[in-house]
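Work through the exercises below with the structure in view. Each task is followed by its solution.

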Amino acid sequence: MTCSHIQSKMVGILWMIPIYSVDCILSLLFPGAAVAIGMMRDCYEAYVLYLFLAMLLAFLSNDDETQMVEYLESLPPHPYPSPFHYCYKDLLDGKQYLRFVKFGTLQYCLVRPLMALLALTSSWVDMYEEGNFDPLVSTYLFIVLVSNVSLCISYRVRYGILVFTKSFVFFLMI
(Lines give C-alpha, C1' and ligand atoms only; values in the text may rest on other atoms or scores of the structure.)
Protein backbone atom coordinates (compact mmCIF):
# COMPACT_ATOMS: atom_id res chain seq x y z
CA MET A 1 0.00 0.00 0.00
CA THR A 2 1.47 3.31 -1.03
CA CYS A 3 -1.56 5.50 -0.34
CA SER A 4 -0.54 8.17 2.17
CA HIS A 5 -4.09 8.53 3.54
CA ILE A 6 -4.04 4.83 4.50
CA GLN A 7 -0.41 4.77 5.67
CA SER A 8 -0.93 7.63 8.12
CA LYS A 9 -3.74 5.67 9.78
CA MET A 10 -1.59 2.53 9.90
CA VAL A 11 1.22 4.44 11.58
CA GLY A 12 -1.24 5.73 14.17
CA ILE A 13 -2.34 2.16 14.85
CA LEU A 14 1.24 0.90 15.06
CA TRP A 15 2.09 3.59 17.63
CA MET A 16 -0.09 1.60 20.00
CA ILE A 17 2.77 -0.84 20.68
CA PRO A 18 5.31 1.67 22.05
CA ILE A 19 2.61 3.60 23.88
CA TYR A 20 1.44 0.45 25.69
CA SER A 21 5.08 -0.44 26.45
CA VAL A 22 5.82 2.96 27.96
CA ASP A 23 2.52 2.77 29.87
CA CYS A 24 3.51 -0.57 31.42
CA ILE A 25 6.99 0.62 32.37
CA LEU A 26 5.70 3.86 33.92
CA SER A 27 2.96 2.00 35.79
CA LEU A 28 5.56 -0.33 37.28
CA LEU A 29 7.89 2.51 38.20
CA PHE A 30 5.15 4.75 39.61
CA PRO A 31 2.34 2.52 40.96
CA GLY A 32 0.56 5.50 42.52
CA ALA A 33 0.14 7.09 39.11
CA ALA A 34 -0.95 3.90 37.33
CA VAL A 35 -4.59 4.99 37.05
CA ALA A 36 -3.66 8.35 35.50
CA ILE A 37 -1.20 6.71 33.13
CA GLY A 38 -3.84 4.11 32.23
CA MET A 39 -6.27 6.93 31.43
CA MET A 40 -3.95 8.25 28.74
CA ARG A 41 -3.56 4.72 27.34
CA ASP A 42 -7.34 4.24 27.28
CA CYS A 43 -7.81 7.50 25.38
CA TYR A 44 -5.27 6.40 22.79
CA GLU A 45 -6.97 3.00 22.53
CA ALA A 46 -10.26 4.71 21.67
CA TYR A 47 -8.45 6.84 19.09
CA VAL A 48 -6.92 3.71 17.53
CA LEU A 49 -10.36 2.14 17.13
CA TYR A 50 -11.46 5.27 15.31
CA LEU A 51 -8.31 5.09 13.16
CA PHE A 52 -9.07 1.48 12.29
CA LEU A 53 -12.54 2.38 11.05
CA ALA A 54 -11.17 5.37 9.11
CA MET A 55 -8.47 3.17 7.58
CA LEU A 56 -10.98 0.48 6.67
CA LEU A 57 -13.27 3.00 4.99
CA ALA A 58 -10.33 4.64 3.20
CA PHE A 59 -9.09 1.25 2.03
CA LEU A 60 -12.49 0.08 0.80
CA SER A 61 -13.56 3.31 -0.85
CA ASN A 62 -10.25 4.87 -1.87
CA ASP A 63 -10.96 7.71 0.58
CA ASP A 64 -14.24 8.59 -1.16
CA GLU A 65 -17.27 8.17 1.08
CA THR A 66 -19.77 8.39 -1.79
CA GLN A 67 -18.11 5.37 -3.39
CA MET A 68 -18.58 3.42 -0.15
CA VAL A 69 -22.22 4.49 0.12
CA GLU A 70 -22.88 3.40 -3.46
CA TYR A 71 -21.32 0.01 -2.77
CA LEU A 72 -23.35 -0.50 0.41
CA GLU A 73 -26.54 0.47 -1.42
CA SER A 74 -25.82 -2.10 -4.12
CA LEU A 75 -25.80 -4.95 -1.58
CA PRO A 76 -28.96 -7.00 -1.03
CA PRO A 77 -30.98 -6.20 2.13
CA HIS A 78 -29.64 -7.76 5.28
CA PRO A 79 -30.71 -7.55 8.93
CA TYR A 80 -29.09 -5.42 11.59
CA PRO A 81 -26.27 -7.10 13.50
CA SER A 82 -27.30 -8.85 16.69
CA PRO A 83 -28.72 -7.64 19.15
CA PHE A 84 -29.93 -4.60 17.16
CA HIS A 85 -32.17 -6.75 14.96
CA TYR A 86 -34.57 -7.07 17.91
CA CYS A 87 -35.12 -3.31 17.89
CA TYR A 88 -35.03 -2.55 14.16
CA LYS A 89 -36.73 -4.38 11.30
CA ASP A 90 -34.62 -3.88 8.20
CA LEU A 91 -31.17 -2.52 7.76
CA LEU A 92 -30.91 1.07 6.68
CA ASP A 93 -29.69 2.04 3.24
CA GLY A 94 -26.00 2.66 2.52
CA LYS A 95 -25.62 6.16 3.89
CA GLN A 96 -27.66 5.50 7.03
CA TYR A 97 -25.86 2.20 7.64
CA LEU A 98 -22.49 3.91 7.29
CA ARG A 99 -23.66 6.50 9.84
CA PHE A 100 -24.74 3.62 12.13
CA VAL A 101 -21.26 2.08 11.88
CA LYS A 102 -19.55 5.40 12.54
CA PHE A 103 -21.81 6.10 15.51
CA GLY A 104 -21.14 2.63 16.91
CA THR A 105 -17.42 3.26 16.77
CA LEU A 106 -17.42 6.89 17.87
CA GLN A 107 -19.63 6.19 20.90
CA TYR A 108 -16.75 4.08 22.23
CA CYS A 109 -14.34 6.92 21.48
CA LEU A 110 -16.42 9.05 23.83
CA VAL A 111 -17.33 6.46 26.48
CA ARG A 112 -13.83 5.06 27.02
CA PRO A 113 -12.13 8.36 27.94
CA LEU A 114 -15.12 9.28 30.12
CA MET A 115 -14.83 5.99 32.00
CA ALA A 116 -11.08 6.53 32.35
CA LEU A 117 -11.76 10.00 33.74
CA LEU A 118 -14.31 8.51 36.16
CA ALA A 119 -11.71 5.95 37.27
CA LEU A 120 -9.17 8.71 37.82
CA THR A 121 -11.52 10.91 39.84
CA SER A 122 -12.80 7.90 41.78
CA SER A 123 -9.26 6.92 42.69
CA TRP A 124 -8.65 10.40 44.08
CA VAL A 125 -11.54 9.97 46.53
CA ASP A 126 -10.70 6.30 47.27
CA MET A 127 -13.78 4.97 45.46
CA TYR A 128 -11.84 3.02 42.82
CA GLU A 129 -10.05 -0.25 43.43
CA GLU A 130 -9.24 -2.54 40.52
CA GLY A 131 -10.77 -5.97 40.96
CA ASN A 132 -13.23 -4.85 43.64
CA PHE A 133 -16.69 -5.67 42.29
CA ASP A 134 -18.60 -4.38 45.32
CA PRO A 135 -20.66 -1.45 43.93
CA LEU A 136 -21.02 0.08 47.41
CA VAL A 137 -17.26 0.42 47.88
CA SER A 138 -15.84 0.89 44.37
CA THR A 139 -16.88 2.28 41.00
CA TYR A 140 -14.85 -0.47 39.29
CA LEU A 141 -17.88 -2.66 38.46
CA PHE A 142 -19.76 0.24 36.84
CA ILE A 143 -16.73 1.32 34.82
CA VAL A 144 -16.02 -2.21 33.60
CA LEU A 145 -19.64 -2.85 32.62
CA VAL A 146 -20.11 0.41 30.73
CA SER A 147 -16.74 0.14 28.98
CA ASN A 148 -17.29 -3.46 27.92
CA VAL A 149 -20.83 -2.90 26.64
CA SER A 150 -19.58 0.09 24.64
CA LEU A 151 -16.65 -1.93 23.27
CA CYS A 152 -18.93 -4.83 22.27
CA ILE A 153 -21.23 -2.47 20.38
CA SER A 154 -18.23 -0.88 18.67
CA TYR A 155 -16.78 -4.24 17.61
CA ARG A 156 -20.14 -5.58 16.52
CA VAL A 157 -20.97 -2.76 14.13
CA ARG A 158 -17.48 -2.83 12.62
CA TYR A 159 -17.70 -6.59 12.20
CA GLY A 160 -20.87 -6.03 10.18
CA ILE A 161 -19.13 -3.75 7.71
CA LEU A 162 -16.21 -6.17 7.47
CA VAL A 163 -18.53 -9.04 6.56
CA PHE A 164 -20.70 -7.03 4.16
CA THR A 165 -17.70 -5.72 2.25
CA LYS A 166 -15.86 -9.08 2.28
CA SER A 167 -12.80 -7.48 3.84
CA PHE A 168 -12.49 -9.73 6.88
CA VAL A 169 -9.13 -11.02 5.60
CA PHE A 170 -7.87 -7.41 5.63
CA PHE A 171 -8.93 -7.19 9.29
CA LEU A 172 -7.00 -10.37 10.11
CA MET A 173 -3.86 -9.02 8.43
CA ILE A 174 -3.84 -6.05 10.79
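**Exercise 1.** Classify S138 as buried or exposed, then place S138 in the chain and find a polar contact of its side chain.

Solution. S138 has 3% relative accessibility and therefore counts as buried; buried means under 20% relative accessible area, exposed over 50%, partly exposed in between (1.4 Å probe, protein chains only). S138 lies in the loop between α5 (94-124) and α6 (140-164). Helices are DSSP runs (H or I, at least four residues), numbered from the N terminus. A polar atom of the S138 side chain is 3.1 Å from the backbone nitrogen of E129.

The model is predicted: local features need pLDDT of at least 70, side-chain atom pairs count only at pLDDT 80 or more, and totals for chains, interfaces and linings use all residues. Residues are numbered from 1 along each chain as its sequence is written, and side-chain values use heavy atoms, with hydrogens and water left out.

**Exercise 2.** Describe the aromatic pair of F133 and Y140, and the accessibility of each residue.

Solution. Rings of Phe, Tyr and Trp (its six-membered ring) pair if their centres lie within 6.5 Å; planes under 30 degrees apart count as stacked, over 60 as edge-to-face and the rest as tilted. The whole structure holds four aromatic pairs. In one of them, F133 and Y140 are 5.3 Å apart centre to centre with 65° between the planes, an edge-to-face pair. F133 counts as partly exposed because its relative accessibility is 48%, whereas Y140, at 17%, counts as buried.

**Exercise 3.** Which residues are linked into a cluster by ring pairs?

Solution. The cluster consists of Y44, Y47 and Y50.

Notes:
Helices (H or I, at least four residues) and strands (E, at least two) are DSSP runs, numbered from the N terminus. A polar contact is a pair of N or O atoms within 3.5 Å; within protein, one must be able to donate a hydrogen and the other to accept it, and residues adjacent in sequence count only if both atoms are side-chain atoms.
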